[in-house]
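Let's take a walk through this structure together, from the overall layout down to a few individual residues. Have a look at it first.

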Amino acid sequence: MRYSQYFIPTVKETPSDAEVISHQLMLRAGMIRKLAAGIYNYLPLGLRSIRKVENIVREEMDRAGAIEILMPTVQPAELWQESTRWEQYGKELLRFRDRKEAEFCLGPTHEEVVTDLVRREVKSYRQMPLNLYQIQGKFRDEIRPRFGLMRGREFIMKDAYSFDVDSAAADLSYDKMYQAYRRIFERCGLNFRAVEADTGSIGGTSSHEFMVLAESGEDAIASCSCCHYAANVEKAEARPFAAPEHAEPRPLERVATPGKRTIEEVSSFLSIPAATMVKTLILMADDQPVVALLRGDHDLNEIKLKNLLGCETLEMAGDEVVERVTGAPTGFAGPVGLKARMVADLAVQGMRNFATGGNEKDIHLKNVNLERDCAVTRFADIRNVVHGDPCPRCDAGELEMWRGIEVGHVFKLGTKYSKALSATYLDADGKEQIIFMGCYGIGVSRTVAACIEQNHDENGIVFPLPIAPFHCIVSAVNYTKEEAVREACEAIYRKLADARVEVLLDDRDERPGVKFKDADLIGIPLRIVVGAKNLAEGKVELKQRRGGEVELLTIAEAVEKVKGMVAAIG
């Protein structure tokens, strides 16, 4: 492909509305252009990288035994009502009516559609295991689309769905997809972690997220310094603390704390560490008050608490509810004397003589002891883990904290959808059984953005070779004026193209500095620079975008080295 005949509308200035680096660089490199909030045109360079990811995904899905199909984007409301998700999914589900007033939605995911397909076609245990996948545009009406392709409303996704005769067979399908995902992201050249995760609105019994590690990641990840344990902070388990040596309970003491409401304010005022305090949080679980107790330096994990309580909704109580439950304004709640259901974190269980709110304005209590002073309903892991916590899986490691961008998610669905939609089969004895399912998603367009978040420098994108829009760019110095340069460039271009190297020939009538800056910006991994001075000695310059390594080679050597590097990625 010749640069002068291609469509690469690069820009020098960073767009003012682009907040994260991938959004900035994809706009500057001419990879995407905004059409509406969270909706983008994919320009040639962006589309080439997306197609590279799609090809890797297809190869690994096929290798794992999955079969590609294509389902409609527009889905009838009846299926979503049958699964009970029509109202549960919320406003992210874009609903509309056709000319006959029938209700439809734009598909954000396809569990209902694929389950309906399978219940109509699969009747016998002999037809399973079955795994169907598609690569297709999805739409989720995000309340606040931002960060370009990182959180758009319309995006490209690979979604797969497995169907099995029982839970054990479903576990085998899940493991195949888990391993396929590892191969996909390894082949994309990404630094990632597979982490245990909450199942969220998709549902099911367990799941793993695949996270690209990047400082700009929205998700917090905990991983062990010694073993393979890793989990999203929403899911990461906090190992119980060893109970401290027994301390004799001291007399309860009321302390005036005028205007001091927060843990930081009270600990400073009383000159005690936050870790020796207990914070008392009042929440509403399905419109019923519940009290959560945590160590003063720990934060509540609302997902853990919500799962523990089995409630549909969980939110912090308003000031009015707090005062009704505790008898005091917000900021002075404590566990002593409270009648509401009370859940205490495991780290609180062994604490002695701690400080907490006094359920009275401007009053806190010291020397509180759970056994004597409080009526805890249950102890459970309800906090976020922190850096340095002991690993919940091994005795040697500590948890390290990372930021990550979710690019893939695998779920064990069990019978959540097959039971709701009556997807059954006849077993070997002719008895009707419920099909077991799994589902597996990859954000294809998001993977490209996440790659850029992880791979860039001050000059632009630094694409890994497997998903770069082109493998190599040939940059000509004075292409239009130097015949020898032009002939050498054409020869290199033909030799690489004949060897199926994806090559871009920069034949523009531009200054070398402009060409080099554009090559760095768009992130093509390999650059062959052809100039009259080196060419007079029979040499060209081969530069690697990552690391900046430069070699002076003969044309034949440069071509062979590029061919070898491209061949190595398979």
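**A guided tour**

The protein chain has 17 helices and 31 strands; these are DSSP runs, numbered from the N terminus, with helices (H or I) of at least four residues and strands (E) of at least two. What you're looking at is a predicted model, where local features need pLDDT of at least 70 and side-chain atom pairs count only at pLDDT 80 or more, while totals for chains, interfaces and linings use all residues. Residues are numbered from 1 along each chain as its sequence is written, and side-chain values use heavy atoms, with hydrogens and water left out.

Start with the whole chain. Its C-alpha atoms fill a box of roughly 95 × 70 × 50 Å, taken along the principal axes. Of the 570 residues, 51% count as buried, meaning under 20% relative accessible area; exposed is over 50%, and partly exposed is in between (1.4 Å probe, protein chains only). Take the contacts (heavy atoms within 4.5 Å) between residues at least 6 apart in sequence: 68% of them join residues at least 24 apart.

Now for the inside. A nonpolar core here is a set of buried Ala, Val, Leu, Ile, Met, Phe, Trp, Tyr and Cys residues joined through side-chain atoms within 4.5 Å. The largest one has 63 residues, and those touching the most other members are Met31, Met61, Tyr181, Ile184, Phe185 and Phe463. Helix H6 (residues 167-187) supplies the largest share of this core, with 7 residues. Another core, of 24 residues, lies apart from it, and its members include Leu496, Leu535, Leu542 and Leu553.

An α-helix has 3.6 residues a turn, so residues three or four places apart point the same way. Just after H7, Ser271 takes a positive phi of about 60 degrees.

What about helix H13 (residues 444-454)? This helix is mostly covered, with 10 of its 11 residues buried. Among the buried ones are Arg446 and Glu453.

Next, find Asn232 in strand S12 (residues 230-232). Asn232 counts as buried because its relative accessibility is 2%. Its side chain makes a polar contact with the side chain of Glu209 (2.7 Å); such a contact is a pair of N or O atoms within 3.5 Å where, within protein, one must be able to donate a hydrogen and the other to accept it, and residues adjacent in sequence count only if both atoms are side-chain atoms.

Last stop: the cysteines. With a disulfide taken as a pair of cysteine sulfur atoms within 2.5 Å, the count comes to 0 disulfides. Cys224 is in no disulfide, and the nearest cysteine sulfur, that of Cys391, is 3.6 Å away. Cys224 is buried, with a relative accessible area of 8%, and Cys391 is buried too, at 0%.
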